[in-house]
Amino acid sequence: MINYTISYSNPHRHYVDFELTTPTNGKESMQFQLAAWRPGRYELADFAQNIQKWAAFDENNNPIPFTKITKDLWEVTTKGAMEVTIVYNFYANQLDAGACYLDEHQLYLNPVHCLFYIVDRMQQQYTLVFDLPKGYKIASSMEKKWNTLSIKGYDALAESPIICSAALQHDTYTVEGITFHMWFQGACTPDWDKLKKDFSAFSKSQIKHFGGFPTNEYHFFFQITPYKSYHGVEHSNNTVVLLGPGDEIMDKRYEDLLGVSSHELYHTWNIKAIRPVEMYPYNYTKENYFRTGFVAEGVTTYMGDMMLYNSGVFNWEEFVKTQNQNLERHLMNYGRYNLSVADSGFDNWLDGYKLGAPDRKTSIYPDAALCMLMIDLEIIRNTAGKESLHSVMKELYENFALKGKGYSEDDFRNICVKFGGLRVAEIFENHIYGIEDYIPSLRSALDVVGIELKGKKNPNLSAQYFGFVAVKENGKIMIKKVEPNSVTDKNGIAPEDEITKVNEEKIEGKLSDILKECKDEVEFTIKKKFSEKAIPLAIGNHYQLLEFVLSENGNEEQVVLRKMWKNN
Ligand SMILES: [Zn+2]
């Protein structure tokens with residue numbers, strides 16, 4: 001049994017106070033481990049860097065000795081104590097969908113960041129007692145009694161975020177006997193009727209496609225910010241979604257709210273229940289290398305949007321917008337000719353969540369999602385619409401997840417090829433494990449349902465005219481991406497160069513507004529580490545894009561298969 005009390009005194013300082021009390025069971029020493037990463041984000045995060053103070057006491061409140069074994073493992077010498085209490089604090093000042101945050105309005109914790117497990121006692125019961133300001137409510141998927149939460153085992157605890165606040169808004173909907181909770185923290189006005197109608201529709205569709213739900217209750221925790229934000233993290237029976245600005249979540253940002261929510265719900269099966277064999281069980285202390293990030297995020301990205309489309313929540317235009325976004329990100333990344341999605345997924349632990357070295361890698365999100373679209377359509381072609389990628393995922397759920405087994409990359413590939421045949425085998429070889437150009441295979445797959453790819457000019461003017469993407473960073477216009485062999489590249493300009501002037505004038509306002517007025521040639525003053533000079537660039541057509549367009553003269557078979565693709 002591990003008893004935690006959680007409190008704080010100066011919320012503006014963002015430090016949360018923790019006291020962990022546990023019997024020693026006669027052990028001479030005990031080891032307390034904090035996680036180094038969390039499931040859902042495959043990179044080391046070293047949460048222990050947020051701990052400012054750490055001490056150990058016996059049942060009479062006498063200090064007892066301890067040593068640090070690793071950066072996040074503490075060993076306590078019990079000296080015959082019956083009970084040990086660990087007292088520490090944690091700096092909670094990161095507000096995203098998978099972090100900890102404390103201020104005057106809320107206490108938000110992801111236990112995997114800030115709560116310890118005792119080595120060799122991971123299955124113990126945890127009780128968390130909160131000392132909170134008057135009027136605060138607690139949102140959590142854990143068992144709750146007043147101000148106390150409880151759960152068995154560290155794995156379940158690690159999956160159970162907590163939001164404590166006086167301003168929580170809450171409602172529920174029910175699908176197939178399962179209660180879905182929606183919690184909103186942060187200033188916003190949820191349109192409950194609209195939310196319940198749309199969320200019920202995609203939840204129902206997802207459950208129907210898998211033939212069951214892995215858990216008997218589910219919670220959506222929405223962290224709504226006053227500024228623009230977008231982030232989601234999945235857990236076994238809940239998700240945290242960060243979205244803003246709060247006054248736009250029911251209109252301008254509603255498609256994003258639906259998109260991220262459907263994506264995270266799909267993860268309840270795909271990665272939480274259907275889990276790579278390499279993560280059965282999780283090792284919280286070090287990298288858990290796996291190559292199937294293209295399944296975890298590629299299938300989920302594609303299916304999250306597809307489920308919104310086939311449940312009628314998204315219309316064709318809204319769905320195709322998501323596919324065009326994946327295609328745009330793919331076409332603007334020349335890393336697609338350098339590292340496959342399988343290899344990039346393995347390297348997620350290295351640089352998966354940052355831009356990284358130019359043109360080095362692909363992404364397990366958009367690039368892998370395009371592979372899954374191709375596989376889905378090729379399975380539909382091969383089986384005349386009787387099977388699809390849904391069949392693959394259902395088989396993984398039934399034959400692996402429900403039997404308590406992890407799947408390997410060969411398991412996934414073999415099931416896909418079983419339904420899809422030779423063309424699907426080629427997609428694995430050329431695009432998931434290889435770096436061949438996607439576009440010919442994508443055109444061929446889309447032809448199954450009568451969709452063409454049409455050329456489109458890049459809407460980002462600096463990308464279109466010159467082949468670079470720039471962003472404002474600390475008041476400076478910094479180049480972040482350059483298309484290889486573009487006019488920018490050929491004139492010696494590279495990522496991390498700064499633009500200080502355009503046509504000899506300091507940049508006021510947006511670069512795109514200035515470029516709108518330009519013709520033929522633009523002179524950029526480029527500042528590098530050791531030089532600054534003016535470089536004229538001729539306007540051209542770079543970073544060319546493609547977009548999905550329904551064929552005007554699709555045949556009957558294509559029309560029938562397109563319906564099956566949507567309604568399967
Ligand atoms: Zn995801």
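Author: Gladly! Let us begin with strand pairing: two strands pair if DSSP finds at least two bridges between them. Keep in mind that this is a predicted model. Here, Gln33 has Leu73 in E6 as its bridge partner. That bridge belongs to the pairing of strand E3 (residues 29–33) with strand E6 (residues 73–77), which is antiparallel and runs over 5 bridges.

Reader: Which other strand pairs with E6, and over how many bridges?

Author: Strand E5 (residues 66–70) does, in the antiparallel sense and over 4 bridges. Thr67, for instance, has Glu75 in E6 as its bridge partner. A hairpin of 2 residues joins E5 to E6.

Reader: Now to a sheet. In what order do the strands of the open sheet lie?

Author: The open sheet has 7 strands, in the order E4-E7-E2-E1-E11-E14-E13, with mixed pairing. Strand E4 (51–57) and strand E13 (143–145) are the edges; each has a single partner strand, so one side of each has no neighbour in the sheet. From one strand to the next, the twist averages 20°.

Reader: Let us move to the metal. Which residues coordinate the zinc ion?

Author: For a metal, look at the donor atoms, then the angles, then the sequence. The zinc ion is coordinated by NE2 of His263, NE2 of His267 and two OE entries of Glu297, at 2.0 to 2.8 Å. The angles among the 4 donor atoms run from 52 to 150°. Four donors count as tetrahedral only if all angles lie between 85 and 135 degrees, and this site is irregular. In sequence, the donor residues follow the spacing H-x3-H-x29-E. His267 lies in helix H4 (residues 254–267) and Glu297 in helix H5 (residues 293–310), so this pair ties together parts 30 residues apart in sequence.

Reader: Are these two residues buried or exposed?

Author: The cut-off for buried is under 20% relative accessible area. His267 is buried at 0%, and Glu297 is buried at 2%.

Reader: What should I look for in the nonpolar interior?

Author: In soluble globular proteins, nonpolar side chains tend to be buried together. In this model the largest nonpolar core has 94 residues, and those with the most contacts inside it are Phe180, Phe220, Phe294, Ile375, Phe412 and Trp565. Helix H9 (residues 366–382) supplies the largest share, 11 residues. Another core lies apart from it, with 56 residues, among them Trp37, Ile86, Phe130 and Tyr284.

Reader: Which residues does Phe412 contact, beyond its neighbours in sequence?

Author: Leaving aside neighbours within four places, its contacts include Phe294, Met372, Leu396 and Phe428.

Reader: And how do I read a single residue in a loop or a strand?

Author: Asn288 is in the loop between H4 and H5 and is buried, with a relative accessible area of 5%. Among the residues it touches, not counting those up to four places away, are Trp37, Tyr282 and Trp349. Val241 is in strand E20 (residues 238–244) and is buried at 0% relative accessibility. Not counting residues up to four places away, Val241 touches residues including Phe221, His231, Val260 and Glu264.

Terms used. Residues numbered from 1 in each chain as written. Predicted model: local features only at pLDDT ≥ 70, side-chain atom pairs only at ≥ 80, totals over all residues. Heavy atoms only, no water. Donors = N, O, S within 2.8 Å, 3.2 Å for Na, K, Ca; no water. Tetrahedral: all angles 85-135°; square planar, octahedral: opposite > 155°, others 65-115°. Buried < 20%, exposed > 50% of the residue type's maximum accessible area, 1.4 Å probe, protein only. Core = buried A, V, L, I, M, F, W, Y, C linked by side-chain atoms within 4.5 Å. Contact = heavy atoms within 4.5 Å. Axes fitted to C-alpha atoms, helices over the stretch in contact; angles between N-to-C directions.
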